[in-house]
Amino acid sequence: MNGDGGCNIAIHKQKIVTKNKFFEIKISNDEEQWNVYAPSSIEKPADHSVMFISGRFMKNWKQLLKVRYCVVFWPKEYPVFTELNRRHLILPCDNPRLEYARFFQAHHIKNLPVHEPANNLSESCISEKACLGKHITVMPGAYIGPEVLIGDNVYIGHGVCLLGKVTVGNHVVIRENSVIGADGLSMEREADGRMISIPQFGGVCIQDEVQIGANVTVARGSIDDTLIGKGTIIDNHCFISHNVKIGENVAIVGESILFGSSEVGNNSFISGNVAVRDGKKIGKNTLIGMGSVVVKDVSDDSIMKGNPAVCIKK
C-alpha cells in the first residue's frame, strides 16, 4: 500500500498485442510471475485479467474461483480468502475502482481506436476487417470499424459510425449520424479533485430487428457489452450509456437518457425526455411517463411518472 492509500504493483512490460488482448503486463508476487491481457468484471471474470470488486458485489466473490492469474483490487474492509491468494494477486485498498483507474493511467493504457486499411464504398469507409452479411445498405459518409460484425438485411444511414467491437443482428436499421460504440464517461476522482479516466474495453451488441433513430449515441461497455434486445425501437436523439441492458420489444422515445448500467425489461415503454439513473432497473411491461426521472428500481407492470418518478398504477 502506498502513502496515499493506493496499491503498489510490479509492472515489468507492456505492449499492445492481438485483437483479444488489449495489453500485455507481467505481474509478479512472492511465488510466481504471469501476464494479464485485458480487464474483466466479477460477473464475467476471465483468466489473466485485471478487475476491481466493490462492496456491493462481494456476494459474487466465488466467481474468482473459476479463473486464475488475475489482478484484483479488493476493498480492504473485507477479509481476503486464502484460496483466492493461491490463484490471484489480491490487492486490498481503500477505493478499488480508483486503483483500477490508476492502473491504466500509470501505464498509459487508453484503448483508443487504431487506423486500419479500409475500402471506400459509395463515399463510406468500411474496414477491410469488418464482417458484413448479405443485402447490406451502407449510405455515404458512414464509418464501419475493423471489429464490427453485421448480419443480413441491415440499413446503415448517412454519417453513422460503428466503432470498436459492435455486433449488429439481422434486419436492423441504424439511421443518420448515430454513433454506436463511443466511449462513455467512466472516471474516478483523486483526493485533490483531479479526474482519472478509465478506458473502455467492452462493445455493443444489437440483436435482430432493432431500429435506432438519427443522432443516437450508444456507448460501449466499460468491460462487458452494452446490450439492445431484439425488436427494440430507439427514437432520435437518445443516449444509451455504457453497460446498459435493454430487453426485447422496448420503445424509447426521443431525448431520453439511460445512464450507465441501468436496465429496462421486456415490452416496456420509455416516453420522451426520460432520465434513468445509473444502475437502476426497470422491470418488464412498465410505462415511464414523459419527462420522468427514475431514481429507484421499478417493479414489473408499473406505470411511473414525475420527478422523481413515483408509481401511479400497477
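Two strands count as paired here if DSSP finds at least two bridges between them. With that in hand, take Leu 149, whose bridge partner in β15 is Thr 167. The structure is a predicted model, and in it strand β12 (residues 149-150) is joined to β15 by two bridges, the two running parallel.

That pairing is a piece of something wider. β12 and β15 sit in an open sheet of eight strands, ordered β9-β12-β15-β20-β23-β26-β29-β32, with parallel pairing. At the edges of this sheet are β9 (131-132) and β32 (281-282), each of which pairs on one side only. As a general point, strands of a sheet pair through backbone hydrogen bonds, and they can do so in parallel or antiparallel fashion.

Along the principal axes, the C-alpha trace spans about 55 × 55 × 40 Å. Buried residues make up 46% of the 314. If we look at contacts between residues at least 6 apart in sequence, 21% of them join residues at least 24 apart. As for the surface, the protein exposes about 15400 Å², and carbon and sulfur atoms supply 49% of that.

Now to the inside. The largest nonpolar core has 42 residues, and Ile 174 and Ile 206 are the ones with the most contacts inside it. β15 (166-168) and β20 (204-206) each supply at least two residues of this core. Once neighbours within four places in sequence are set aside, Ile 206 is in contact with Thr 167, Val 168, Gly 169, Val 172, Ile 174, Ile 180, Ile 212 and Ile 228.

Strand by strand, β3 (residues 38-39) is joined to β4 (residues 49-52) by two bridges, and the bridge partner of Ala 38 in β4 is Ser 49. From β4 to strand β5 (residues 71-75) there are three bridges, again in the parallel sense. Val 50 has Val 71 as its bridge partner in β5, while Phe 52 stands opposite Phe 73.

Helix α2 itself is mostly covered, with eight of its eleven residues buried. The buried set is Pro 96, Leu 98, Glu 99, Tyr 100, Ala 101, Arg 102, Phe 103 and Phe 104. An α-helix has 3.6 residues a turn, so residues three or four places apart point the same way. After α2 comes His 108, with a positive phi near 55°.

Ser 186 lies in the loop between β17 (179-182) and β18 (187-189). Buried means under 20% relative accessible area, and Ser 186, at 6%, therefore counts as buried. Leaving aside neighbours within four places in sequence, Ser 186 is in contact with Arg 97, Ile 196, Ser 197, Ile 198, Gln 200, Ser 222 and His 242.

Lys 26, by contrast, lies in strand β1 (residues 25-28). Its relative accessible area is 31%, so Lys 26 is classed as partly exposed. Between Lys 26 and Tyr 37 there are 9.1 Å in space, C-alpha to C-alpha, and the two are eleven residues apart in sequence.

Notes:
Residues numbered from 1 in each chain as written. Predicted model: local features only at pLDDT ≥ 70, side-chain atom pairs only at ≥ 80, totals over all residues. Heavy atoms only, no water. Helix = DSSP H or I, 4+ residues; strand = E, 2+ residues; numbered from the N terminus. Core = buried A, V, L, I, M, F, W, Y, C linked by side-chain atoms within 4.5 Å. Buried < 20%, exposed > 50% of the residue type's maximum accessible area, 1.4 Å probe, protein only. Contact = heavy atoms within 4.5 Å. Areas by Shrake-Rupley, 256 points an atom, 1.4 Å probe, with all protein chains shown as cover.
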